[in-house]
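This report goes through a few local features of one protein model. Please look at the sequence and the structure before reading on.

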Amino acid sequence: MLENDVHAALTCDDILNEILLRLPEKFVYRLILVSKRWLRVICSSSFRSDYRARWGVDFHHLGFFVCNQLYLNRPKDGMRRPKSEPALQLLSACEEGDDVCNDLMASGNCKQLGYFIDSCNGLLLCGRYPLTYSVWNPISKVLFQLPQPQRFYKRLCMAFIAEDNFDYILQYKVIRANCECKREVNTVSIETYSSVSGTWKHFTLTCSSKFSLRPWTVATVINGVVYWFATHGKIAIKESVAIYDPRVGNTRVELLKLPDGNISQDYDEFVLGESSDGLLQYGQSSKSGMEIWVLEKEQDSSITSITTSNVQSNRKWKIRYRLGFKAMWKKNPSFCKQTKEAQLLSFLPRNSEHVFIRSGQNIFLLHIESQMLKVNQYHGPSSHIQWDFSKVVPYFQPSWPRSSLCHEKVATSAWPSTNQETEAPAWPSW
């Protein structure tokens, strides 16, 4: 009788859902091999949505994209990229990263994509400044060529928003923002491309204070809100964050002053990221060490609270970690031959415990609280990389199994020919 009850329970999708929701992710992945029915249930959009609401989102690190910034906005007679240096280079850190590298190098796909700009939820935004852009899905190997923008920006910054849609429908937005470097203004011109409409739309954002966005930077996006690096002030230039929320149809920008450091006032690297509790975190590093701050949560958590204010944000930064590199190297004697110079490279997605740092050609994963280092082994030629002039960005893909049993249409693995328009496909199986 008991065996019949168990069998009846496991054949009910609702009961099976409730059981699987209580299991850690690594066990759920193994259970897709039990049967096609279990595979269909685990890969379904409803289960995936419920599971991530309970456990959060996990990401798989594939490697590091490298883009030499010396070639951005170069004049006609300026420095040209040598043929030996790929425009789009991925330093692979695993077997899946090797597959992405092979796809990039096959049949001149790098030339078609151009330079790396940003990634979001596994998608890559690539292009050639300032008017050519494309979005590539490395899983389905489908390229989306964006139409040419309507406005020319000599200096600009970008934002890339790829929605994590549980119904396997690919939706994303690309934002271009004009950067006025010679003078500060209280407005900024932007163009937004939506994969839903398939067109660029122009907006003029306004701010109560005069400011200037930092050119050739990429925004950090948290829950659909865009965070750009900016400066304001004529005599004493202050580093700030410009906050823009495109979801509410508002055209306001809020300025938030970055915190002053205690280790050093001369910082070489500035990075933004999302903490494990969904807050904006800011890191800065100098030759002496690094500091990590987190932005306290607003009392008014409504969406419009960010964009409707006519004054600068009064939210406060809270110091979360302060670390000296000298003490860090002492705790890691196996790297004693390493040069003492280090710099903060980037945060990990929705992670407050680790950061990537770089020392020479080596990239380390640092556990901040224990100050212990782990070398990130990567594959690919790195001898020609001009590290001091290159943007090195970790590349992650959401780790969740997908199956064609969950939807009827699966994207074809084919690169489109030149000028060929490709419709947004469903997400493929992993």
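Helices (H or I, at least four residues) and strands (E, at least two) are DSSP runs, numbered from the N terminus. The model is predicted, so local features need pLDDT of at least 70, side-chain atom pairs count only at pLDDT 80 or more, and totals for chains, interfaces and linings use all residues. Residues are numbered from 1 along each chain as its sequence is written, and side-chain values use heavy atoms, with hydrogens and water left out.

**A helix pair**

Helix α2 (residues 13-20) packs against helix α4 (residues 36-43) at an angle of about 65 degrees, and their axes are 11 Å apart. Axes here are lines fitted to C-alpha atoms, for helices over the stretch in contact, and angles run from 0 to 180 degrees between N-to-C directions. Angles under 35 degrees count as roughly parallel, over 145 as roughly antiparallel, 65 to 115 as roughly perpendicular and the rest as oblique. The helices α2 and α4 are therefore roughly perpendicular to each other. On the side of α2, the contact (heavy atoms within 4.5 Å) is made by Asp13, Leu16, Asn17 and Leu20. On the side of α4, Arg37, Trp38, Arg40, Val41 and Ile42 take part.

**Serine 240**

Strand β13 (residues 238-244) contains serine 240. Is this residue buried or exposed? Serine 240 is buried, because its relative accessible area is 0%; buried means under 20% relative accessible area, exposed over 50%, partly exposed in between (1.4 Å probe, protein chains only). Its side chain and that of histidine 232 are joined by a polar contact of 2.6 Å. Such a contact is a pair of N or O atoms within 3.5 Å; within protein, one must be able to donate a hydrogen and the other to accept it, and residues adjacent in sequence count only if both atoms are side-chain atoms. Beyond its neighbours within four places in sequence, serine 240 is in contact with residues including Trp228, Phe229, Leu256 and Leu258.

**Backbone features in loops**

Tyrosine 129 and proline 130 are joined by a cis peptide bond, with omega about 0 degrees. Proline 130 lies in the loop between β4 (123-128) and β5 (132-137). Two residues other than glycine with positive phi are listed below.
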